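This report describes one chain of a model and the side that it turns to its partner. The sequence and structure are shown first.

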Amino acid sequence: MNRKVTTSSSVLFDVPGPKAVARTRLFNILSVFAILALLGYIGYVMHRQGQLEADKWTSLFSGNLWANYILPGLWNTLKAALISVVTSVAFGVFFGMARLSPLAPVRWFGTIVVEFFRAVPVLIMMIFFWLFLGKFSVFSPQQLPFIAVVLGLTLYNGSVIAELLRSGVHQLPKGQGEAGLAIGLTPWKVLTSILMPQAMTAMMPSLLSQFVVILKDTALGYIISYPEVLASARRFGSGEGNILQMLLLAALLFIVINFALTLLAERLSKFMSSRSNVEIKHADGVPGEVDDPRPKTEMMFKIPKA
Amino acid sequence: MSFSEQLSTLFAKYNVIDAFWTNVQLTFWAAIGAFVLGSILALMRISPVPSLRAAGTAYVHLVRNTPLTILMTLAILGVWTQFQLSLSSNFETNFFLYAIIVLAIYHAAFVCEAIRSGVNTVPTGQAEAARAIGLGFMPTARYVIFPQALRGSITPLGNTLIALAKNTTVATVASVAEASGMMKSMIEFNSDLVFMIFFVFAMGFVVIVVPIGLLTTWASRKLAVKR
């Protein structure tokens, strides 16, 4: 599998000659005009509907908006995301190890839990916990949506992380586990001190892009009345009559934070590739879903039966 | 009233199958839209024209990093109420179409990345050979690269389809009568059956999602390009 992978931009075209350069330039100019025309049309429609008027945008810079709406909302979003990151990783490590366990019943249990929570939409889980926990008076009504958001995010993303770690362990060279067994470590020790740390390293970029998914999915809390940033942007927008601008601001906040996280993931994967022998899996494709691992080393740390 | 009686009256009162059928329909139409739009975006991102590449990249980064819930709210509270842009005179159809469009726009970014990762599995020699026999950019893309790239991107495309099927629940923001909204009202009125109701809806999604996963795994093995 160590075929040289080319970047997509170089696959389709060579170094262009003078004719191709001229043609590309023509297409470039035409498409710049097409893109500008599209953006201009959107601007025109917004202008016609009075969405570009100054008073709809000036409140974006008002202290009231940021101090009383956006920052508290953003804090709630980040709070739910940060706590869910910690609990998801704990859940993922636990069930990832359960799925790799030498004991068959533990493995089955792990598989059922992980596959179930990966198949159920996060929103369904959040609504369930929100209404279910509301029946008991353990949590105050203000805390309920928060607990439901964290539980929903933990069960889903924890299951994805469990799968990530499992596929990370399976992609390690077979010799790693065998060497561990050869020097007399128990299968449990091999898993926790040789395989898991390397799997974590290899999967770090994918893990970080899963954190982007967690942050994005906190917005689902809006549906179950969690006062996160989307809810506060909407509340301010309905009051001031500039809901469109407020929602765009909320979207922009998510884009900036997620973009920074994605950049960090890319940097990290480059940095770690240069420092470690483990093949770092680059995060691409769809976050939230794990590529089907082609196991090189299925159950390698299981002691072979004599 | 016994437990089973309670259950049978509950499911006689609510048409759960209908609600799930809405999710399936949303998945189907949004998948077609996302695939078409995503293929165009992928073509833009691998084209030699810098402005198209930049536009494709900008689209993917902007859409992928925005929560679907915000996009759905933007479409309804931003576009529909502010611009009075009605897609159908029928209220329900209008929201249904809005939900499909938003789901297609959102998942097109992931389809684009899936196809691009498929393009990366095609060896350079394939494109070089195509150019050597005199094919231009479009014929190379259409007859040589894309057929192989699509086979290589079945797994990520399948993952996107699974994510789409689950994300149709967010259409509840656009007041589309689908499964998550029905589950909410069922639990609110029958809170003693909360576990049973959750289990039914969760299993409904397992039934939708697991076959898609099995099918794409099978297809990606069956259609893999032997190299």
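In this predicted model, 62 residues of chain B are in contact with 53 residues of chain A, contact meaning C-beta atoms, placed from the backbone, within 7 Å. α10(B) gives the most to the side of chain B that touches chain A, with 9 residues; helices here are DSSP runs of H or I of at least four residues, and strands are E runs of at least two, numbered from the N terminus.

The residues of two contact regions divide by class as follows.

Chain B has 10 helices and 0 strands. Its C-alpha atoms fill a box of roughly 75 × 45 × 25 Å along the principal axes. Of contacts in chain B between residues at least 6 apart in sequence, 77% join residues at least 24 apart.

Within the chain, residues of α3(B), including B:Gly56 and B:Tyr59, meet residues of α5(B), including B:Ile105 and B:Phe110.

Residues are numbered from 1 along each chain as its sequence is written, with chains lettered from A and ligands numbered from 1 in the order written. Local features need pLDDT of at least 70 and side-chain atom pairs count only at pLDDT 80 or more, while totals for chains, interfaces and linings use all residues.

Methods:
Contact = placed C-beta atoms within 7 Å.
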